[in-house]
Amino acid sequence: CGDWLTECLRGLCDRLSRVFSEESFGDRLLARALWAFALPAMPRECRAVCWGLQDPAVLLLLGRTLPVASKQGMLWRPASYMGFAEPSDDDPDHLEPEGLEASRQAAESLAAGSESPSWPGLLAEHHLARHRGLQ
């Protein structure tokens with residue numbers, strides 16, 4: 001059952017990412033739905049899509065679409081996104097914070113031209129600080 005669900009989530013994430021970046025041009029509802037795949041409980045491949053490890057443009061567009069100052073917020077509480085995915089027998093190659101460095105730099109470049117930070121940028125900073133032992 002777990003493999004079937006993982007495959008369904010990966011397929012849904014890939015399709016949603018494609019629609020979000022190629023057809024919706026930054027629709028806020030689609031951004032919130034796609035960013036839900038960044039949760040640590042999601043499959044590694046889904047988290048990689050959201051963090052822009054496959055296509056950095058996805059993260060840049062998410063950063064523009066999900067400002068912290070927005071009243072709509074995210075689908076889940078911010079604390080839900082802040083944990084690391086724990087390694088397991090099923091997912092030994094879980095997404096490590098090292099892959100977030102490039103994502104953080106992309107999110108920072110967004111913030112430089114923006115009045116308010118984005119959720120992806122803040123969460124990337126949180127993950128990196130935690131990884132470095134600062135929190």
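Is cysteine 8 buried, exposed or partly exposed, and what is its relative accessibility? Cysteine 8 counts as partly exposed, because its relative accessibility is 36%, and buried is taken to mean under 20% relative accessible area, exposed over 50%, and partly exposed in between, with a 1.4 Å probe and protein chains only. Cysteine 13, by contrast, counts as buried because its relative accessibility is 0%.

This is a predicted model, in which local features need pLDDT of at least 70 and side-chain atom pairs count only at pLDDT 80 or more, while totals for chains, interfaces and linings use all residues. Residues are numbered from 1 along each chain as its sequence is written, and side-chain values use heavy atoms, with hydrogens and water left out.

The cysteines also raise the matter of disulfides. A disulfide is a pair of cysteine sulfur atoms within 2.5 Å. By this rule the model has zero disulfides. Cysteine 13 takes part in none, and the nearest cysteine sulfur, which belongs to cysteine 46, is 4.0 Å away.

The overall makeup of the chain comes next. The chain has seven helices and zero strands, where helices (H or I, at least four residues) and strands (E, at least two) are DSSP runs numbered from the N terminus. Read from the N terminus on, the order of elements is α-α-α-α-α-α-α. Of the 135 residues in the chain, 42% count as buried. Contact means heavy atoms within 4.5 Å. Among contacts between residues at least 6 apart in sequence, 74% join residues at least 24 apart.

Axes here are lines fitted to C-alpha atoms, for helices over the stretch in contact, and angles run from 0 to 180 degrees between N-to-C directions. Angles under 35 degrees count as roughly parallel, over 145 as roughly antiparallel, 65 to 115 as roughly perpendicular, and the rest as oblique.

Helices α1 and α2 pack at an angle of about 150°, with their axes 10 Å apart. The two are therefore roughly antiparallel to each other. Their crossing is left-handed, a term used if the near helix is turned anticlockwise from the far one by less than a right angle, with right-handed used if clockwise. On the α1 side the contact is made by Cys13, Leu16, Ser17, Val19, Phe20 and Ser24, and on the α2 side by Leu30, Ala31, Ala33 and Leu34. By class, these residues divide into eight nonpolar, two polar and no charged. For these classes, Ala, Val, Leu, Ile, Met, Phe, Trp, Tyr, Cys and Pro count as nonpolar, Asp, Glu, Lys and Arg as charged, and the others, Gly among them, as polar.

Serine 24 is found in helix α1. Serine 24 is partly exposed because its relative accessible area is 23%. Leaving out residues up to four places away in sequence, serine 24 touches Val19 and Leu30.

Helix α1 (residues 2-24) also meets α4: their axes come within 10 Å and cross at roughly 70°. That angle makes α1 roughly perpendicular to α4. Ser17, Phe20 and Ser21 of α1 meet Val58, Leu61, Leu62 and Thr65 of α4. This contact has four nonpolar, three polar and no charged residues.

Helix α2 (residues 28-35) and helix α4 (residues 56-65) have axes that come within 10 Å and cross at roughly 120°. They are therefore oblique to each other, and their crossing is left-handed. Arg28, Ala31, Leu34 and Trp35 of α2 make the contact with Val58, Leu59, Leu62 and Thr65 of α4. Six nonpolar residues, one polar and one charged make up this contact.

The last stop is the loop between α6 (100-112) and α7 (119-131), where proline 117 is found. Proline 117 is partly exposed because its relative accessible area is 37%. Apart from neighbours within four places in sequence, proline 117 is in contact with Pro67, Val68 and Leu122. Proline 117 and valine 68 are 49 residues apart in sequence and 5.9 Å apart in space, C-alpha to C-alpha.

Serine 118 lies in the loop between α6 and α7 as well. Serine 118 is buried because its relative accessible area is 5%. Not counting residues up to four places away in sequence, serine 118 touches Gly63, Leu66, Pro67 and Val68.
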